[in-house]
Amino acid sequence: MEHDPAVIAGVTLAIEAAIARAIALSPGTQKQLQTLHSVDIEIQCTQPSIAVFAIIDQDGAIQLSNYRETKPTVSISGTWREFLSVASAADPAAALINGDIKISGDTAPLLRLQSIISDLDVDWEEPIVDVMGPVVGHQVAEVIRTLTSVSRSTHRRMKRQVSEFILEEGRLSPPKAELDSFFSAVDDLLLRTDRAESRVKRLKKRLSSLAGVNE
Amino acid sequence: MSSQDNLTDDTTDFGFERVKTAEKAGRVREVFDSVAAQYDLMNDLMSGGLHRLWKRFTIELSAVRPGQTVLDIAGGTGDLAAKFSKLAGPDGKVILADINAAMLSVGRDRLIDKGALGNIDVVQADAQFLPFADDSIDCITIAFGLRNVTDKAKALQSMHRILKPGGRLLVLEFSKPTSPLLSKIYDAYSFSALPAMGKLITDDADSYRYLAESIRKHPDQESLLEMVEDAGFVDCRYHNMTGGIVAVHRGIKG
């Protein structure tokens with residue numbers, strides 16, 4: 001099914017504007033992106049069938065388009081589920097390389113771009129100050145910063161504590177070392193059983209050959 | 001319906017009206033003189049901002065590269081020219097052409113405000129008699145302008161003449177909706193809401209009634225494709241947008 005170019009243009013325009021806003025609020029990112037000038041990335045979604053091209057211009061801005069005639073520097077293709085799993089992975093670079101997404105062309109600029117984006121440090125204070133003024137805006141930004149920091153550390157702490165409760169207090173799941181030792185013992189038993197089985201077969205063969213000689 | 005049919009008895013369409021061929025350019029000029037100042041605002045209101053997306057896709061199809069020469073005919077308020085200026089870069093050139101001085105004046109002011117005049121020339125020209133050398137332009141665009149041209153075939157031939165071999169023409173224009181239901185909704189909108197909006201914003205319902213009528217009299221996708229081919233272009237195709245309300249036709253000079 002052919003998609004309406006105006007719809008794709010609307011989506012790419014919105015994403016492009018959001019990326020541009022984030023880059024503008026992250027000091028240094030634009031300069032880093034300028035080093036990738038002329039890099040042309042084709043993102044091809046096979047299900048549904050949509051191709052979007054991202055090019056980094058000389059000003060370090062990322063431009064998205066629905067149509068391109070030049071050969072891309074790197075082309076990545078996969079289904080929307082595969083792209084979603086890469087985007088939500090803890091390590092997107094590893095997920096991209098080890099996952100089902102197909103990559104062709106020069107992958108170095110792609111990894112560099114991924115590294116720049118993951119280092120994006122957006123300063124949200126500027127747009128807040130623009131709207132609320134320097135006095136109130138700064139206070140609001142401080143509150144947001146504190147809340148973000150508290151929420152991050154709470155998330156980390158919760159993750160650790162839940163893990164500790166499941167493993168040690170609730171004994172709901174064995175610790176990793178115990179599991180590893182158990183699996184290793186199972187492997188060892190499997191090997192021994194295989195050896196015993198082949199030994200029995202060998203002995204049986206010997207017995208039958210001895211019985212043949214005696215007759 | 002071809003443009004030649006329009007010219008029988010030395011008359012042509014002006015919306016649903018028949019006027020003398022020599023009068024059409026003057027009548028169209030009056031319309032655009034009236035709407036020039038509020039043209040972009042009206043475009044945003046009438047299309048719900050969609051005209052920006054239609055133009056964006058047209059720019060993508062142009063595949064303009066740094067150093068190239070681009071001619072934007074009926075460029076009006078210069079929104080396409082500003083984008084092409086960036087793509088063509090300092091070694092390239094963009095020519096903003098329009099038959100209407102009022103539209104060009106608004107366009108030039110907008111481009112100055114955007115700081116985009118370094119590689120842009122502004123030329124008042126009639127699309128039927130383009131004042132440029134043969135084989136001198138890499139890409140020509142005409143967005144929402146061809147339907148106002150008196151002799152469309154002559155204009156397409158003129159564009160073909162000045163394009164370099166391998167150069168491309170892009171015609172962005174209102175067309176025929178592909179769905180009958182959308183067509184009915186679109187008709188109701190064009191002939192009721194559009195003139196009302198025109199009256200409210202520019203105090204000129206007639207100009208916007210003309211715009212709606214001229215859209216209906218414009219050739220549909222297949223007819224325009226045939227006209228582009230007849231003008232000598234090769235590898236011609238079109239892309240429908242927003243259910244065929246708008247189509248962008250592409251032709252290459254062989």
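I begin with chain A, where strand S2 (residues 50-56) and strand S3 (residues 62-65) run antiparallel and are joined by four bridges. Strands here are DSSP runs of type E of at least two residues, and helices are runs of H or I of at least four, both numbered from the N terminus; two strands pair if DSSP finds at least two bridges between them. Within this pair, A:Ala54 stands opposite A:Leu64 in S3(A). The hairpin of S2(A) and S3(A) has five residues between the strands, and A:Gly60 takes a positive phi near 85°.

A word on provenance: this is a predicted model, in which local features need pLDDT of at least 70 and side-chain atom pairs count only at pLDDT 80 or more, while totals for chains, interfaces and linings use all residues. Residues are numbered from 1 along each chain as its sequence is written, and chains are lettered from A and ligands numbered from 1 in the order in which they are written.

I turn now to chain B, whose secondary structure comprises 10 helices and nine strands. Its radius of gyration, taken over C-alpha atoms, is 17 Å, close to the 18 Å given for 254 residues by the globule rule (2.2 Å times the number of residues to the power 0.38), so chain B is as compact as a globular protein of that length.

Seven strands of chain B form an open sheet of mixed pairing, in the order S5-S4-S3-S6-S7-S9-S8. Strands S5 (120-124) and S8 (233-241) of chain B stand at the edges with a single partner strand each, so one side of each has no neighbour in the sheet. Further in, strand S6 (residues 137-143) of chain B pairs with S7(B) in the parallel sense over six bridges, and B:Ala143 stands opposite B:Leu172 in S7(B).

Finally, the interior. A nonpolar core is a set of buried Ala, Val, Leu, Ile, Met, Phe, Trp, Tyr and Cys residues joined through C-beta atoms within 7 Å, where buried means that 20 or more other C-beta atoms, placed from the backbone, lie within 10 Å of a residue's own. Which residues touch the most other members of the largest core? Among its 67 residues, they are B:Ile140 and B:Val171. Strand S7 (residues 163-174) of chain B gives this core its largest share, six residues. A second, separate core has 12 residues, including A:Leu33 and A:Ile116.
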